[in-house]
Amino acid sequence: MSESTYPEVNDLTLEEKASLTSGGDAWHLQGVEAKGIPGYMITDGPHGLRKSLASSTGETDLNDSVPATCFPPAAGLSSSWNPELIHQVGEAMAEECIQEKVAVILGPGVNIKRNPLGGRCFEYWSEDPYLAGHEAIGIVAGVQSKGIGTSLKHFAANNQETDRLRVSANISQRALREIYFPAFEHIVKEAQPWTIMCSYNRINGVHSAQNHWLLTDVLRDEWGFEGIVMSDWGADHDRVASLNAGLNLEMPPSYTDDQIVYAARDGRIQPEQLDRMAQGMIDLVNKTRAAMSVEGYRFDVDAHDEVAHQAAVESMVLLKNDDAILPVASDAKVAVIGEFARTPRYQGGGSSHITPTKMTSFLDTLTARGVDAKFAPGFTLDLEPADAAMAADAVEVAKGADIVLMFLGLPEAAESEGFDRETLDIPAKQVELLEAVAAENKNIVVVLSNGSVVSVAPWADNAKGILESWLLGQAGGPALADVIFGNVSPSGKLAQTVPMDINDDPSMINWPGEEGHVDYGEGVFVGYRYYDTYDKAVDYPFGYGLSYATFEVSDVKVAKTGANTASVSAVVKNTSDVDAAETVQVYVAPGKSAVARPIHELKGFRKVFLKAGESAEVSFDLDERAFAYWSEKFDDWHVESGEYAIEVGTSSRDIAGTGMVELDGDGKAEPLTEWSTFGEWSDDPVGSKIVASVYAEGEAGNLPKMPDNDMMRMFLRSMPINSMPMLMSEGGKKITAFMLDEYAKVTE
Ligand code: BGC
């Protein structure tokens, strides 16, 4: 043993080191008992604890787990735009882990919602990496503040379920860096998750578990990740290759630790690499020892239910509220239609499935609160066709009501981990029912339950109000009642655009891929980056959400704080007599650029709770990265010099004010060569002077005269200078030589 209390890798035999790099069973680490290293439990995640009851046998029954608080899945929580609230959810989840002696909870999952049909959109945060990273960090920091580990997943590019174990996500470096990595990068740099789970899929042909560039070069060497990487369940297909790539832990075990021993003996694994991977496992165990030693701890079930309740309140997004149909007056005659009101859909299917500690439906809540409402289920939650008698009953219930609350959405079988959806639409029988009810009563509010965006365009005209409630976790019933009856104003904002038609989505042309690969042809133009840049109509834009209050954002002030940094401030005022929250959003809009850039990108947000009439100033610091794009030419981030607009607003399409800032740029420049075009020479500070002298020397008769008119200047812009002989034969050669000689004089 070393001097420290705990063993270190040098205290272990080769076999013991190898054993640390795979699990003991499906939900446990493999300890080394003889050396005092326990085999702690690690389990799902991500929106509450799923501690499988069958864990001792290693078998998986996704629906059989100990009771735990079911918080709103990320689809809901991401709409809160409230990192502090998300932090509280993380703390509560950790307390449940302490009680259940779970050392690491497997989440959060921060993959980008590339296409709304993605089966796991319900447990991912956003189409925007800045938002995903700045929200999900709350889970990581909150859980870890209590001495429990998280597993940030699925690194990287698990954006679809179709063929998820094999598909190669073929993605440009730029799109990886700007879209698919930043949520991971931010959380790694700012919160150091104790573990990361690699994805099943391949990236540009290489399985994530075996991707040295991904797990070592980028994650550890560039971002400074200090924790361990585990495989997704069954994602490790070659123990030796994975360990060499930087994978510390295979889960669940394939009982092949001997392969690691043999490879270490014959040199296919270097001793230092095995030591590094095994030491990471020891470090992880040591970090969790204190929390795992707590005995007899019981978490406060009611207090956690209250956190879930608050989280659910802030997860809802009010999309439409014509005639101020919401909130519902306490004395209104209410009709409630839709099975979801009685049998809520509150979480997604698959490995995240939780057994909640409590469950109160919306209907239960109405009863508990003494609200007298008539109810009809209207339809079944299976995939059977409409039931005419049920539908007729619902129409009857709607007649004469002051307001009809129609609970529509996606039944459980329509979306889950493991498969992608095939349509954006909710089941036809629900839409038909809405039409039939609307024929009798116009005062309809549709309350939606779904894990990923559904189309609203086909039926929205039949509803005066639309409340997108996503999946709200176990306290959704009371939370819905709070919002619907106006105890609290809705404050959620969309983390995902609601398109008019799935075929408007830029990824559709490459969805879900073919013959084992999917090309991310839309590059960085994901979600609003596409819709806003190309000015496409959408139903509801990114960042959008109504309130019972009204707000005004004004006094946008932008200041340059460094060569490539800026600050922005604005005043937000609650101009109504209702207490409520508004989320101020900052978007950076680059000016002229050498590459195709989205028209604007989210670079800051702040949710502000304001009492009626109150106002507050919000300010943001924008670092160099806020203005940068990933340059494949420089293989690095690059800030171009020039003007940038900084927009402040309340959605990507509601910009209240804009300020300009002129940045110096980071000065990165490629040396000019004979293969650089006239355009590149002209745009370069040194090259432009040489181009000017080419024209001047031509005029003076010292060089062949350049053809000089607007058309020719445009024509030349994309021509490498070594093509001049093609245009001017011998004379052209002289011009090329002159330019290269002059350049050499200046730069030598
Ligand atoms: C999922 C992971 C999950 C793991 C363990 C996998 O199929 O992709 O998200 O953590 O199973 O349940």
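Let's start with helix α6, residues 182–191, which is mostly covered: eight of its ten residues are buried. Keep in mind that this is a predicted model.

**Helix α6 and what covers it**

- The buried residues of α6 are Pro 182, Ala 183, Phe 184, Glu 185, His 186, Ile 187, Val 188 and Ala 191.
- So who does the covering? The cover over these buried residues includes the helices α4 (129–144), α5 (173–180) and α7 (212–222). It also includes the strands β6 (149–155), β8 (195–198) and β26 (636–638).

- Phe 155 belongs to strand β6 and Phe 184 to helix α6, so the pair ties together parts that are 29 residues apart in sequence.
- Both Phe 155 and Phe 184 are buried.

- How many aromatic pairs does the structure hold? There are 21 of them.
- Is Phe 605 buried or exposed? With a relative accessible area of 10%, Phe 605 is buried. Because the cut-off for buried is under 20%, Tyr 130, at 22%, counts as partly exposed instead.
- Tyr 130 and Phe 605 are also part of a cluster, linked by ring pairs with Trp 81, Tyr 528, Phe 542 and Tyr 587.
- Rings can have a charge over them too: Arg 625 lies over the face of Trp 637, 3.6 Å from the ring centre. Likewise, the charged end of Arg 713 sits over the ring of Tyr 695, at 3.9 Å from its centre.

- The structure holds six cavities of 30 Å³ or more, and the largest cavity has about 130 Å³ of space.
- Of the 20 residues lining the largest cavity, Pro 344, Arg 345, Ser 449, Gly 476 and Leu 480 are the closest to its centre.
- Helix α15 (residues 476–484) gives the largest share of that lining, three residues.
- By type, the lining of the largest cavity has eleven nonpolar residues, eight polar and one charged.
- The second largest cavity has a volume of about 90 Å³. Its lining splits into ten nonpolar residues, one polar and one charged. Among the residues that line it are Pro 46, His 47, Phe 71, Glu 123 and Trp 125.

- Which peptide bond reaching His 154 is cis? It is the one from Lys 153, with omega near -5°, and His 154 itself sits in strand β6.
- The bond from Phe 155 to Ala 156 is cis as well, with omega near 0°. Ala 156 is in the loop between β6 and β7 (168–170).
- Lys 101 isn't a glycine, yet its phi is positive, about 55°. You'll find Lys 101 in the loop between α3 (83–100) and β5 (102–106).
- Asn 204 also has a positive phi, near 45°, without being a glycine. Asn 204 is in the loop between β9 (202–203) and β10 (206–207), and it is partly exposed, with a relative accessible area of 37%.

Notes
Residues numbered from 1 in each chain as written. Predicted model: local features only at pLDDT ≥ 70, side-chain atom pairs only at ≥ 80, totals over all residues. Heavy atoms only, no water. Buried < 20%, exposed > 50% of the residue type's maximum accessible area, 1.4 Å probe, protein only. Helix = DSSP H or I, 4+ residues; strand = E, 2+ residues; numbered from the N terminus. Contact = heavy atoms within 4.5 Å. 1 Å grid on protein atoms, 1.4 Å probe; cavity = no way out; pocket = protein on both sides within 12 Å on 5 of 7 lines; lining within 4 Å. Points joined across faces, edges and corners; volume = space filled by probe spheres on them. Nonpolar A, V, L, I, M, F, W, Y, C, P; charged D, E, K, R; others polar. Phe/Tyr/Trp six-rings, centres within 6.5 Å; stacked < 30°, edge-to-face > 60°. Lys NZ or Arg CZ within 6 Å of the ring centre and 35° of its normal.
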